[in-house]
Amino acid sequence: MFEKVFWGTGSAEGIPNPLCKCPACEMARKRKGKNIRSRSSFRLSEDILLDFGPDLVSQAQKNGGDLTGLRHVLITHTHYDHFSAFALCQFAGSYVLPKEPVTFYFTEQAYEMTDYICHDEMLQRNGFRETLESGAVLFEKLKFFEERKIGDYLVTPLPGRHLGSTENRSANYLFEDAEGKTLYYGTDTGYYFPETIDFLKDHPVNTLITECTWDDNWPWNPEKDKHLSLGALKELLKILTEKGALGSFSKVYVTHISHNHRRSHEELEDFMTGWTEFPFKIHIAYDGMEIN
């Protein structure tokens with residue numbers, strides 16, 4: 001139940017954005033199902049979660065899992081839809097806390113956020129002081145390209161072309177399990193930096209989870225865009241395949257989908273089925289989707 005589940009597959013607005021009447025949001029309200037997307041989060045295992053956003057409670061309820069076995073949370077960046085400081089107050093509302101602390105990991109500049117939240121008066125008044133004093137939450141700093149053992153995985157953070165609240169590069173994470181299988185989680189990346197592509201060339205990816213925030217109607221600039229469009233994603237997959245980072249050994253899952261997309265979930269699946277030039281299948285993730 002805890003293994004590799006998409007808890008959320010939307011961007012910051014969610015789909016539908018309750019304050020938006022655009023065609024994509026109206027379509028999602030009508031069709032429901034896989035078109036309803038909460039803010040992005042991914043549960044890799046019982047003890048590892050990627051991102052800790054404002055939809056945490058509803059995501060746990062819908063996915064039928066609790067977080068009492070959680071030990072590690074890796075933060076991709078410090079925008080509110082990926083890291084909600086107020087969600088940390090959930091610990092204060094627990095009568096029985098986890099037996100072991102939960103460690104939150106940030107890359108170097110993103111770690112500056114911990115100073116803000118540890119001294120935020122509003123958080124203190126909402127129970128976060130008690131959370132810190134109880135030792136239920138710990139913070140640790142990671143460095144890009146530096147491998148760490150986290151849970152049962154070797155984890156390497158790689159830089160993405162996306163600003164956070166305190167950092168100028170987002171963190172994407174490469175996980176390697178005991179069998180040598182790799183999973184790369186990249187949301188809010190923009191087009192990959194050359195050094196990120198070079199690293200992945202030497203660490204072929206078995207499972208790629210990638211953002212595709214914008215539709216193909218977005219004119220993209222690979223050196224400036226903070227997100228991937230369909231056009232940018234297609235070009236990125238081409239480069240990663242040419243470099244050997246992806247191949248017939250890979251599976252690709254698309255997530256972090258915004259209401260910029262004009263296609264429904266099913267229509268987007270049909271559209272990407274036409275990308276037959278790749279030796280792997282591309283799946284459109286949805287909230288609650290489990291993967292092997």
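Visitor: How many bridges join strand 12 to strand 13?
Guide: This is a predicted model. In it, strand 12 and strand 13 run parallel. The number of bridges that join strand 12 to strand 13 is 3.

Visitor: In strand 12, which residue is the bridge partner of I209?
Guide: Strand 11 covers residues 207-211, and it pairs with strand 12 in the parallel sense over 5 bridges. Between these strands the chain passes through helix 6, and this β-α-β crossover is right-handed. The bridge partner of I209 in strand 12 is Y253.

Visitor: How many of the residues of strand 12 are buried?
Guide: A residue is called buried when its relative accessible area is under 20%. Strand 12 has 5 residues and is mostly covered. The number buried is 4.

Visitor: Why is strand 10 described as largely enclosed by the rest of the structure?
Guide: One side of strand 10 carries T182, Y184 and G186, and the other carries L183 and Y185. Residues on both faces are buried, so both faces are covered. Strand 10 is largely enclosed because the buried residues number 5 of the 5.

Visitor: Which residue in strand 11 is the bridge partner of L183?
Guide: Strand 10 and strand 11 pair in the parallel sense, over 4 bridges. The chain goes from strand 10 through helix 5 to strand 11, in a right-handed β-α-β crossover. The partner of L183 in strand 11 is T207.

Visitor: Which residue in the turn between strand 9 and strand 10 has a positive phi?
Guide: Strand 9, residues 170-176, pairs with strand 10 in the antiparallel sense over 4 bridges. In this pairing E176 stands opposite T182. The two strands form a hairpin with 5 residues between them, and the residue with a positive phi, about 85°, is G180.

Visitor: What is the relative accessible area of D188?
Guide: D188 sits in the loop between strand 10 and helix 5. Its phi is near 55°, a positive value in a residue other than glycine. Most residues other than glycine have a negative phi. D188 is also buried, and its relative accessible area is 3%.

Visitor: Which other loop is it worth looking at for phi, and what is the phi of K32?
Guide: The loop to look at lies between helix 1 and strand 2 (41-45), and it holds K32. K32 is a residue other than glycine, yet its phi is positive. The value is near 55°.

Visitor: What is omega for the peptide bond that joins I15 and P16?
Guide: P16 lies in the loop between strand 1 (5-8) and helix 1 (23-31). Most peptide bonds are trans. The bond that joins I15 and P16 is cis, with omega about -5°.

Visitor: Leaving out residues up to four places away in sequence, which residues does M272 touch?
Guide: M272 is among the core members that touch the most others. With sequence neighbours up to four places away left out, the residues it touches are L230, L233, V254, I282 and I284.

Visitor: How many residues are in the second, separate core?
Guide: This core is separate, and its members include L67, I75, V137 and F139. The number of its residues is 27.

Visitor: Which helix supplies the largest share of the lining of the largest pocket?
Guide: The largest pocket has a volume of about 350 Å³. It is lined by 16 residues, and L56, L67, T68, Q90 and S94 are the closest to its centre. The largest share, 4 residues, comes from helix 2.

Visitor: Which helix gives the most to the lining of the largest cavity?
Guide: The largest cavity has a volume of about 90 Å³. Its lining has 13 residues, with I15, M27, N35, R37 and R263 nearest the centre. Helix 1 and helix 7 are the elements that give two or more residues. The most, 3 residues, come from helix 1.

Key:
Residues are numbered from 1 along each chain as its sequence is written. This is a predicted model: local features need pLDDT of at least 70, side-chain atom pairs count only at pLDDT 80 or more; totals for chains, interfaces and linings use all residues. Side-chain values use heavy atoms; hydrogens and water are left out. A nonpolar core is a set of buried Ala, Val, Leu, Ile, Met, Phe, Trp, Tyr and Cys residues joined through side-chain atoms within 4.5 Å. Buried means under 20% relative accessible area, exposed over 50%, partly exposed in between (1.4 Å probe, protein chains only). Contact means heavy atoms within 4.5 Å. Two strands pair if DSSP finds at least two bridges between them. A crossover is right-handed if, with the strands pointing away from the viewer, the path from the first strand over the helix to the second runs clockwise. On a 1 Å grid over the protein atoms alone, a cavity is a set of points where a 1.4 Å probe fits but cannot get out, and a pocket is an open set with protein on both sides within 12 Å along at least five of seven lines; lining residues have an atom within 4 Å of a point. Grid points are joined across faces, edges and corners, and a volume is the space filled by probe spheres set on the points.
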